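Visitor: Could you show me how to read the packing in a model like the one below?

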Amino acid sequence: MNFKQTYKTTLPISLVLLSVVFALGIYAYIGTFNRLMGDSLCSYYFAERLGLLRSIWFWRLIWSGRYSAYGFDWLLTKILPPQSVPLFIPVILIIWVFLNTWALFLILKKKSPNTNMIPAALLLGAESVFITLSASLYIQQSFYWIDGFRAYTLPIIILAVYLILYYLFIDKVNTKARTVIAVFIAFSLSVLGGGLSETFAAFQFALFLLAIGYYWLVEHPTKVDRTMSVLFAGWVGSWIAIAVIVTAPGNSVRQEYFPPPPGLFDLIAISAKSYINFLNTIWSTPQKLMAVLGGILSAVWVGTTVQGDFSSHGKKILLFITLAVLLSFACFPPGVYGYSDAPPDRVLIIAIFIFTSLLMSAGFWTGNLLKLHIANKQIIRLSLLVGMHILLIGSAWIVSKSLYDDRTRYIEYAHAWDEIDTIIKTAKNEGKETIIVKTVPNWAGMDQLNNNPNHWVNECYSNFYGIQVFGED
């Protein structure tokens, strides 16, 4: 590795990279005030009480078929005790940035083996996480809240794992036996990933279907090769995941809390309207728009730096833009069907990631096309660097300031939660059967304790602590 060359190529982007990493550090700082709330108390309780398989079956019967989500709850109880929840978000952010960076490095290195791709991977890896969080509509429920995280943000992280495994091992799949193993792994990962949420299951189905179409259009395989076999196995696995989720008896129980699902035409109409509102929110919010545009310019810049004999640029650009729209839209119908209305904002973090990532992919190929047809490449690269610095540093500053200025409500809730936690545990240790604690509004908009013994939040608290807990009137 040529560290001198790496330093020289990293220097022009260092200010952007530092700004993005600083903003991610603020996200991590806010995450240290995270606590268990709402459904998470029940999730912990039943995962510990029933174990892996029984807890999955329990939730399947009474609420939903998200088998992998409930499996994750069980895993979390083994590695993250409640007192360590403040560490969850900082650790997750480190893992997420690392995996995205690794995946992007493998992709870029495959495209251009003779180009130093470490700086580009570092930049785009950190940016991809920052853009996803800063452009999302309600990270309090989709990222910070643990139950929301495992249903809507964890699937995004798993996509990076898919890519890493594919690019690490696809060239080693050179025998029938290895092809069978690769197909089995692709199928298994698809089944496991699809079990995290209905939204991701539907998205994953569309992803593999469109990936098969993209591969066929761009690579023109003459037979069902190893890549086509892996993609097809993933598509079949996504079918299985959807089937397991939609056949859960608990779906009908949960549906009682919502109006009947809309018909096909209403489903499409509501989804389309919701999707337009989703795009309008991005375009009308300065820091969101700046982050997305800055990410696209960064990808264009990276595209101008790679070496290689590439072709079909126009076709790839058009395909990635089309995929950005189709795959992000695929996240909407499942939510509309389940809620009989526009999907909650927490669901849309998956759509944000897909939309921005694929637009950045189109940007990469646009940059590479510019490199081939523009005489004065240095002016183009300098212009792109200036543009992405202005947009991303500006967005990172606005986001960082907003988060830091809002820190008080996270800090106060954490202190109040810790105080209530101590009061409840003390009452239990003293042998009391009932305890009434003050009601503290939380930053995630979750339901609160009240004086109704049948209220689900009271039941979650009571099960979790092993004592009947009520909230003050």
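**Helix packing and cores**

Guide: Taking contact to mean heavy atoms within 4.5 Å, residues of helix 2, including Leu15, Val16, Phe22, Tyr27 and Ile30, meet residues of helix 18, among them Met388, Leu392, Val399, Leu403 and Tyr404. This is a predicted model, in which local features need pLDDT of at least 70 and side-chain atom pairs count only at pLDDT 80 or more, while totals for chains, interfaces and linings use all residues. Residues are numbered from 1 along each chain as its sequence is written, and side-chain values use heavy atoms, with hydrogens and water left out.

Visitor: At what angle do helix 2 and helix 18 pack?

Guide: Angles run from 0 to 180 degrees between N-to-C directions, with axes fitted to C-alpha atoms over the stretch in contact. Here helix 2 (residues 14–31) and helix 18 (residues 377–405) pack at about 20 degrees, their axes 9 Å apart. Because angles under 35 degrees count as roughly parallel, helix 2 is roughly parallel to helix 18.

Visitor: Which residues touch the most other members of the largest nonpolar core?

Guide: A nonpolar core is a set of buried Ala, Val, Leu, Ile, Met, Phe, Trp, Tyr and Cys residues joined through side-chain atoms within 4.5 Å, where buried means under 20% relative accessible area with a 1.4 Å probe, protein chains only. Of the 140 residues in the largest such core, Tyr27, Leu93, Phe130, Leu133, Phe143 and Tyr461 touch the most other members. Helix 17 (residues 349–373) gives this core its largest share, 13 residues.

Visitor: Is Arg66 buried or exposed?

Guide: Arg66, in the loop between helix 3 (39–62) and helix 4 (67–79), counts as buried at 10% relative accessibility.

Methods:
Helices (H or I, at least four residues) and strands (E, at least two) are DSSP runs, numbered from the N terminus. Angles under 35 degrees count as roughly parallel, over 145 as roughly antiparallel, 65 to 115 as roughly perpendicular and the rest as oblique. Buried means under 20% relative accessible area, exposed over 50%, partly exposed in between (1.4 Å probe, protein chains only).
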